[in-house]
Amino acid sequence: MSAEDENRLGEMVHHHPDDLLLMDYASGALGEAESLVIATHAALCPLCRRKIAEYEAVGGAALGELDAAEMADDALAGVMARLDQSLEKPVEQAVASAHADGGDMTVPQPLRGYLNAALEDLPWTNVLRGLDEVTLQVGSNDMVRTKMMRIQPGAAMPQHTHEGAELTLVLKGAFADERGHFQRGDLAFTDSDVEHKPIADDHEVCYCLAVTTAPLRLTGPIGRLINPFIRY
């Protein structure tokens with residue numbers, strides 16, 4: 001991809017992770033599911049790719065200034081084992097290989113490695129009118145849920161908030177809520193301070209990758225009544 005193409009792509013992304021989240025990703029402090037979202041966003045956002053590279057460079061320089069420490073006898077074997085593990089994880093390769101294979105760019109490479117199918121061919125399950133989902137097996141934390149969402153044109157989600165955090169990345173189409181308009185490459189961060197009602201744009205099906213750390217909670221008049229009966 002040329003620099004001109006990268007700049008044009010970057011201009012289309014308006015909602016980004018905050019710097020703390022990017023630093024956590026660069027330092028390896030995020031879990032696998034959260035890393036997958038940030039890596040996929042970075043594949044679509046030159047601005048955040050550059051920031052991640054800068055944070056990684058700063059971290060590397062800081063490590064270089066540390067005093068040498070005495071190594072344990074099994075330190076080399078441990079490092080080699082961790083290197084082998086990292087080669088098995090597509091997330092850590094995400095930024096560098098995002099545009100390397102020239103395939104369908106609807107799903108960038110960091111996420112494509114977890115789907116193994118085109119968006120239209122995933123085993124969708126209908127959960128609400130206008131909303132289908134597929135749960136992805138990402139990481140080993142049972143409290144973190146990773147899912148693909150397919151929202152029909154013009155469909156409105158119930159008004160809700162979240163008991164934990166939610167990272168939602170738009171891959172195709174767009175939606176809007178009380179905070180603005182989110183389209184391809186945009187990342188929406190939501191927590192218990194946000195109450196919203198996302199509505200998909202009228203002209204196109206909206207596909208999103210979402211990671212949640214706790215269930216959502218419906219907040220509308222009817223939602224409050226049915227909250228005890230749902231697990232969503």
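1. Helices (H or I, at least four residues) and strands (E, at least two) are DSSP runs, numbered from the N terminus. By that rule, Thr 40 falls in helix α3, residues 32–44.

2. The model is predicted: local features need pLDDT of at least 70 and side-chain atom pairs pLDDT 80 or more, while totals for chains, interfaces and linings use all residues. Residues are numbered from 1 along each chain as its sequence is written, and side-chain values use heavy atoms, without hydrogens and water.

3. Thr 40 has 0% relative accessibility and is therefore buried (under 20% relative accessible area; exposed is over 50%, partly exposed in between; 1.4 Å probe, protein chains only). Its side chain comes to 2.7 Å from the backbone oxygen of Leu 36. Beyond four places in sequence, Thr 40 has contacts (heavy atoms within 4.5 Å) with Pro 108, Pro 110, Leu 111, Leu 169, Leu 171 and Leu 209.

4. Trp 124 sits in the loop between α7 (109–115) and β1 (125–128). Trp 124 is buried too, at a relative accessible area of 15%. A polar atom of the Trp 124 side chain is 2.9 Å from the backbone oxygen of Leu 119. Residues touching Trp 124 include Asp 132, Val 134, Met 149 and Tyr 207. Met 149 is 25 residues away along the chain, with 8.6 Å between the two C-alpha atoms.

5. An open, antiparallel sheet has three strands in the order β7-β6-β9; strands pair if DSSP finds at least two bridges between them. Because β7 (180–183) and β9 (199–200) are edge strands with a single partner each, one side of each lacks a neighbour in the sheet. Strand β6 (residues 174–177) is joined to β7 by four bridges, and Asp 177 has Gly 180 of β7 as its bridge partner.

How values were computed: A polar contact is a pair of N or O atoms within 3.5 Å; within protein, one must be able to donate a hydrogen and the other to accept it, and residues adjacent in sequence count only if both atoms are side-chain atoms.
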